[in-house]
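Please keep the structure in view as you read.

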Amino acid sequence: MSDPIPYRPIAAGSQPPLDLPSYRSTGKRHPMAAPVHIPTTLTEASAPNFATPWYAPHTNLSVVDGKAAMGERIIVAGRVTDENGRPVPNAMVEVWQANASGRYHHARDQHDAPLDPNFLGRGRVITDAEGQYRFTSIRPGAYPWRNPGPGWRPQHIHFGLHGTGFAQRLITQMYFPGDPLLVMDAVFLGGGDEAARERLVAVLDPELMQPDWALGYRFDIVLRGRAATPFENA
Amino acid sequence: MTDATASQTAGPFWHMIDFPEWADLLRADGPNAGAAGERIILTGRITDGDGAVVPDAMVEIWQADADGRYDSGFHGFGRCATDGDGVYRFVTLKPGAVPGPGNGTQAPHIVIAIFARGLMAGVMTRAYFSGDARLGDDPVLALVPQARRATLLARQQKSGLWRLDIRLQGEGETVFLAA
């Protein structure tokens, strides 16, 4: 059996440091030692198949039992590719987010903002053959947090992705263009260099908008790619 | 070429996408119902740099089937939330040995990925099985300094019950792996 083509090394500045003093919670949770670098084996180059009935898509977060959630309806769509620009089909894209008033449907979220019975705030999409995903939701509100001093998280949607190799596993957050809270958010600012942070901000996309119904935002996502194409390696 | 999208923390509310049944890979109504192999429990406690438990982590596993295959249809993926004592727990099959680099063999192992508030990116490690005769030939373990290798070795508590504690930081810090 031939060895899997290795993943590219992480590009400098493209990822956050695990030790990020401006984000207090990293203090006792980040490993002190650097990770041990290992070859890409079959284990890292394989991934679970989520394009099965056990992972049924749930792509409309904006209604519960036919009743519309409060807030600004949005369509979020994009393309999942690897670093070589190749689409990643059958990738599982999971999203979770706060409601329009900035409160999560989560027992431990004690923010004094109303829950919306018509918004649960979680979804799942499997990318198509071109790597495209799309869901309908509500623009989330900003919410307060302690870091440890009081602050506000900018509006964001959490994204989790599984690609074609377990080494591609990614959890990230999508932000909204022009949000004035971005420049004071430790998590966003800690996300890498300026180019890396820019890619975390969705783009308002007229083509995704539906007249009289929803705004549209495009958020393309790039997963790690292999160091060489199979052709180059042959 | 475009660099990979930056990771961001999963935060404290990731449980919105927690489906507790995913922690049991062998559940009767799941993708592996009836799969052949030795049923095991893989469990352990996750602690931080102070030794305090991590009660809000997302833990995922990825593994081969009992014959060491990833392409057999066995769905070797699970997810669970650590509980109030920082404990994760999966029910799964003991994986077989997996092909390794250069026609070599990797000892049976389960990848463990951890995401949490305070982790800007997930960290990954492997659980190997103490006492396995193939550990000495494993090409990944061989890259880990001998003194820290035990942090990747699950120990059998009783038949079928394997435990691997994970220390995110500090004394006895788990070795994390990056492909």
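Rings of Phe, Tyr and Trp (its six-membered ring) pair if their centres lie within 6.5 Å; planes under 30 degrees apart count as stacked, over 60 as edge-to-face and the rest as tilted. With that in hand, A:F50, A:Y55, B:F19, B:W22 and B:F77 form one aromatic cluster.

A word on the ground rules. This is a predicted model, in which local features need pLDDT of at least 70 and side-chain atom pairs count only at pLDDT 80 or more, while totals for chains, interfaces and linings use all residues. Residues are numbered from 1 along each chain as its sequence is written, chains are lettered from A and ligands numbered from 1 in the order in which they are written, and side-chain values use heavy atoms, with hydrogens and water left out.

Over all chains, the count comes to 18 aromatic pairs. In one of them, the ring centres of A:Y104 and B:F13 are 4.7 Å apart with planes at 45 degrees, so this pair is tilted. A:Y104 sits in the loop between β5 and β6 (122-126) of chain A, and B:F13 in the segment before β1 (39-47) of chain B, so the pair joins two chains; helices (H or I, at least four residues) and strands (E, at least two) are DSSP runs, numbered from the N terminus. Both A:Y104 and B:F13 are buried, meaning under 20% relative accessible area, against over 50% for exposed and partly exposed in between (1.4 Å probe, protein chains only).

B:W22 lies in the segment before β1 of chain B and B:F77 in strand β3 (residues 77-81) of chain B, so their pair ties together parts that are 55 residues apart in sequence.

Now look at the packing around these rings. A nonpolar core is a set of buried Ala, Val, Leu, Ile, Met, Phe, Trp, Tyr and Cys residues joined through side-chain atoms within 4.5 Å. The largest has 27 residues, of which A:W96, A:Y104, A:F166 and B:F77 touch the most other members. Its largest share, three residues, comes from β7(B). A second, separate core of 26 residues includes B:I46, B:F90, B:I112 and B:L164.
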